[in-house]
Amino acid sequence: PNRVFLISFVLLLLYNIEAIQDPPYWDEIVGRFNTAILLKQTGWDFRQLFVLEPGYYEGGSAIGKSFLLTYVEAVMYAVLPPAAIFVLLHVMTIALAALAFTLSFVLLEKRVGAGLAGLWSGAAAMLPMWNGQTAALGNDVPAAAAVMLGLYAFDRERYGWCCGWVLLAYLLKSTGIILALALVTWAVIAAVAAWRTSRVERQFSGRDISLLVGPLLLIIGLRFGVDYGEGMEGGAQHLAQGLGRVMGYGKLCIPLLCLSVPVLILVSAGFFLRKGLWARILAHRLELMITILVLGFWASFVLYVHSLPRYASFAVFPTAMAMCLMLPRRVATGLGMVVLCWGAINQHGLLLPKLPSYVGRSGEYLERSREYLEDLASNRALCKYLEENHFERTIVTKYPHLHMLCLPELGYVSRALPNVVGTGLAPTT
């Protein structure tokens with residue numbers, strides 16, 4: 001594992017070397033970094049952040065307060081220049097992406113061998129959206145790495161460690177709650193299977209059950225007690241809208257991941273729903289767990305009204321693992337090669353449909369691949385041009401260009417432009 005991690009880290013670092021000094025982009029600007037800069041400016045005034053400061057839709061900076069990395073960045077801003085912060089965070093993101101790849105490989109290797117494990121872990125790592133996020137400074141790769149650590153601890157039946165990784169995943173990004181729910185769901189199904197097969201020795205102790213349910217209870221306390229995380233808007237009124245959004249994203253941004261959902265349903269049904277169902281559930285703990293996890297993620301993606309394509313980073317490696325483990329070996333090999341080649345060719349959206357003009361500059365859609373890096377570069381050039389040639393003039397703009405021009409800590413300007421006026425509160429589209 002150490003060698004796999006080192007090799008993957010070095011390769012990812014070399015691949016992303018041109019982006020390693022890039023500042024934050026789009027949501028990263030108005031979210032975590034905006035809040036971290038507020039903490040620095042107010043001298044860590046938590047009353048200002050949690051009580052007085054308006055939220056996103058009111059034009060304030062109390063946006064990234066639910067993310068652990070917000071506070072890490074605030075500490076970094078207190079002791080380091082912005083350029084050094086960006087480099088360190090990029091290296092951390094790349095290391096966590098390498099860790100996710102390594103854990104996927106390790107979990108698969110002992111079941112299917114190194115060749116197929118490497119193929120599917122590599123195919124996951126080459127998906128355009130995931131690979132694009134390895135060059136970003138967002139929450140998605142760190143949270144996905146924490147989820148993979150949780151799965152690794154789960155596979156080794158180290159439920160205490162699993163509990164810790166679940167909580168970390170949630171503090172990095174609120175989608176971590178899905179792993180907590182998946183653990184509880186798996187525990188219930190496995191307990192029923194143990195009872196139905198009279199395999200008393202496989203039933204859970206009270207300690208095991210408390211460790212599996214514990215993260216969910218703690219997350220509920222954080223969510224309702226401290227207002228952490230983002231809410232899910234459920235119900236029939238959002239179902240049609242959510243399904244339409246997934247279909248739209250599937251067409252323009254993440255086609256393979258969206259297509260994988262019906263495939264996974266069919267594959268998992270064929271894998272488990274056969275003679276000896278309950279025994280198979282007990283014998284294939286990891287396969288059941290990742291199936292519950294991936295399908296649970298997509299259910300939340302449909303129901304949550306503010307889902308974005310890059311949120312699917314959560315499901316990239318678990319989906320690849322499910323396909324590798326439950327498809328017939330020849331089918332898994334052929335499909336893995338197709339996915340790997342498709343991803344390798346498609347890093348900058350070559351095989352994806354052209355974006356409609358009205359979203360052609362929207363980070364929401366450009367983050368489907370490394371296309372957004374060109375938009376980031378153009379934003380830097382624009383801000384530099386305005387600073388050097390129109391510093392005193394009145395500039396009317398929208399989020400996140402308002403932040404880029406007014407907060408030098410974001411790395412787009414060296415000094416705040418004095419006459420910038422914001423129009424609207426929605427990010428630039």
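## Helix α10

In this predicted model, the buried residues of helix α10 are G176, I177, I178, L179, A180, A182, L183, W186, A187, A190, A193 and A194. The helix covers residues 176–196, and its 21 residues should span 30 Å at 1.5 Å a residue; the end C-alpha atoms lie 31 Å apart, which agrees with that expectation.

S198 follows α10 and has a positive phi, near 55°. W186, one of the buried residues of α10, is also among the residues with the most contacts inside the largest nonpolar core.

## The largest nonpolar core

The largest nonpolar core contains 139 residues. Those with the most contacts inside this core are W120, W130, W186, I254, W298 and F317. Helix α5, residues 82–112, supplies the largest share of the core, 13 residues.

What does I254 touch, leaving out residues up to four places away in sequence? Its partners are M129, Y249, W298, P309 and A312. Of these partners, W298 is itself listed with I254 among the residues with the most contacts inside the core.

## Packing of α13 and α15

Two packed helices are described by the distance between their axes and the angle between them. For helix α13 (residues 255–272) and helix α15 (residues 285–303), the axes come within 11 Å and cross at roughly 145°. The crossing of α13 and α15 is left-handed.

On the α13 side, the contact is formed by L257, C258, V261, L264, I265, S268, F271 and F272. These meet E287, L288, T291, V294, L295 and W298 of α15. By type, the residues of this contact divide into eleven nonpolar, two polar and one charged.

## Buried loop residues

K173 is found in the loop between α9 (159–172) and α10. Is K173 buried or exposed? K173 counts as buried because its relative accessible area is 7%, under the 20% limit. Apart from neighbours within four places in sequence, K173 is in contact with F67, N139, D140, A143 and Y311.

S61 sits in another loop, the one between α3 (46–52) and α4 (68–79). With a relative accessible area of 13%, S61 is also buried. Not counting residues up to four places away in sequence, S61 touches N34, T35, L38, E53 and P54.

## Backbone exceptions

Most residues other than glycine have a negative phi, and most peptide bonds are trans. W44 is not a glycine, yet has a positive phi of about 60°. This residue, W44, lies in the loop between α2 (27–41) and α3. At 31% relative accessibility, W44 counts as partly exposed, since that value falls between the 20% and 50% limits.

E157 likewise has a positive phi of about 60° without being a glycine. The loop that holds E157 runs between α8 (140–155) and α9. E157 counts as partly exposed, at 46% relative accessibility.

Which peptide bond is cis? The bond from Y399 to P400 is cis, with omega near -5°. P400 lies in the loop between β1 (395–399) and α20 (401–406).

Definitions and conventions: Residues are numbered from 1 along each chain as its sequence is written. This is a predicted model: local features need pLDDT of at least 70, side-chain atom pairs count only at pLDDT 80 or more; totals for chains, interfaces and linings use all residues. Side-chain values use heavy atoms; hydrogens and water are left out. A nonpolar core is a set of buried Ala, Val, Leu, Ile, Met, Phe, Trp, Tyr and Cys residues joined through side-chain atoms within 4.5 Å. Buried means under 20% relative accessible area, exposed over 50%, partly exposed in between (1.4 Å probe, protein chains only). Helices (H or I, at least four residues) and strands (E, at least two) are DSSP runs, numbered from the N terminus. Contact means heavy atoms within 4.5 Å. The expected span of a helix is 1.5 Å times one less than its number of residues. Axes are lines fitted to C-alpha atoms, for helices over the stretch in contact, and angles run from 0 to 180 degrees between N-to-C directions. A crossing is left-handed if the near helix is turned anticlockwise from the far one by less than a right angle, and right-handed if clockwise. Ala, Val, Leu, Ile, Met, Phe, Trp, Tyr, Cys and Pro count as nonpolar, Asp, Glu, Lys and Arg as charged, and the others, Gly among them, as polar.
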